[in-house]
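Subject: Structure for you to look at

Hi,

Here is the structure I promised to pass on. Please have a look at it first, and then read my notes below.

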Amino acid sequence: MSDHPQLKEMKKKIRTEAKALAASLAPEYRRSASDAVFRAVTAMPEYREAETIFCFVSMPSEVDTHPLIRDALTKNKRVCVPKCLSLGHMEAYPITSMEKDLEPGTWNIPEPREGILPVSPEELDLVIVPCCAAAPDGRRLGFGGGFYDRFLLRTDAFRALICYGRLLREDIPTGEYDLRMDAVISEQGVLRPGI
Ligand SMILES: Nc1nc2c(c(=O)[nH]1)N(C=O)[C@@H](CNc1ccc(C(=O)N[C@@H](CCC(=O)O)C(=O)O)cc1)CN2
Ligand SMILES: Nc1ncnc2c1ncn2[C@@H]1O[C@H](COP(=O)(O)OP(=O)(O)OP(=O)(O)O)[C@@H](O)[C@H]1O
């Protein structure tokens, strides 16, 4: 099934606005917000206690996740990153080095190299989720591939969305497949909508 045409239009409009806003963010803001998100995530008990984490490898327009992936590897956590296998379908692949195990993949996002075996989503303790825009109560708008809504159904892991504070907005539309996040982390702090 796919979203209702009206919902699809609303999502498309907000995606266009959010992408333009993300592209307009000053490099200085990106750096300081990314630093603050890094500090906030690494202080969370869900991160400190996680043995296996799944984290997207950021594109230049997103909150920088490279320091987080490095930190988790340094702390000897098992770190998995997404690989898109087809539209809407991704799997988690463990990496031990950002330099050795990643290569340019779909949409030029770095992805795990060939030859690594995937980890079952059931083994994940924490998923760091990207977004195009999000609401403070955990509603999320992604980039339209439906990757995360399908993937997160297969795991009980804690869902931590990370986002620039400037991309948070109240009017995020949701449909039957859109899942709520357990935490929304920006440079403004950690929101835990469930509590
Ligand atoms: N860093 C990162 N990795 C990720 C995601 C993500 O959001 N961020 N994904 C989350 O699902 C999956 C990839 N999903 C994607 C879905 C759509 C487009 C897309 O439409 N790209 C535009 C250009 C995007 C831009 O530069 O603004 C295009 O191809 O025209 C890209 C990735 C898995 N890996
Ligand atoms: N669990 C699911 N089962 C079937 N269809 C789904 C599921 N999740 C999403 N879809 C469909 O996939 C399409 C894309 O979904 P949506 O626009 O919500 O993607 P997104 O959350 O923005 O993308 P992403 O998670 O990749 O960042 C929609 O038509 C949606 O109805």
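The chain has 6 helices and 11 strands. Its radius of gyration is 16 Å, close to the 16 Å given by the globule rule for 195 residues, so the chain is as compact as a globular protein of that length. Please keep in mind that this is a predicted model.

Some overall numbers to start with. The C-alpha trace spans about 45 × 35 × 35 Å along its principal axes. Of the 195 residues, 51% are buried. If you take the contacts between residues at least 6 apart in sequence, 67% of them join residues at least 24 apart. The accessible surface of the chain comes to about 10000 Å², and carbon and sulfur atoms hold 53% of that. As for charge, there are 26 positive and 29 negative ones, and their mean positions are 3 Å apart.

Now to the aromatic rings. A pair of aromatic rings is described by the distance of the centres and the angle of the planes. The count for this chain is 4 aromatic pairs. One of them is F54 with F151, a stacked pair with 4.7 Å from centre to centre and 20 degrees between the planes. This pair links distant parts of the chain: F54 belongs to strand 1 (residues 52-55) and F151 to helix 6 (residues 147-151), 97 residues apart.

W107 lies in the loop between strand 4 (102-104) and strand 5 (110-112), while F147 lies in helix 6, so the pair ties together parts that are 40 residues apart in sequence.

Most residues other than glycine have a negative phi, and most peptide bonds are trans. W107 has a positive phi of about 50 degrees although it is not a glycine. N108 is found in the loop between strand 4 and strand 5 too, and its phi is near 65 degrees, again a positive value in a residue other than glycine. N108 counts as exposed, because its relative accessibility is 62%.

Last, a residue from the helical part. Where does L25 lie? L25 sits in the loop between helix 1 (5-24) and helix 2 (27-43). With a relative accessible area of 5%, L25 is buried. Leaving aside residues up to four places away in sequence, L25 touches R30, Y164 and R166. The C-alpha atoms of L25 and S61 are separated by 8.6 Å, and these two residues are 36 residues apart along the chain.

That is what I have for now.

Best wishes

Conventions
Residues numbered from 1 in each chain as written. Chains lettered and ligands numbered in written order. Predicted model: local features only at pLDDT ≥ 70, side-chain atom pairs only at ≥ 80, totals over all residues. Heavy atoms only, no water. Helix = DSSP H or I, 4+ residues; strand = E, 2+ residues; numbered from the N terminus. Rg over C-alpha atoms; globule rule 2.2 N^0.38 Å. Buried < 20%, exposed > 50% of the residue type's maximum accessible area, 1.4 Å probe, protein only. Contact = heavy atoms within 4.5 Å. Areas by Shrake-Rupley, 256 points an atom, 1.4 Å probe, with all protein chains shown as cover. Lys, Arg positive; Asp, Glu negative; His and termini not counted. Charge placed at Lys NZ, Arg CZ, Asp CG, Glu CD. Phe/Tyr/Trp six-rings, centres within 6.5 Å; stacked < 30°, edge-to-face > 60°.
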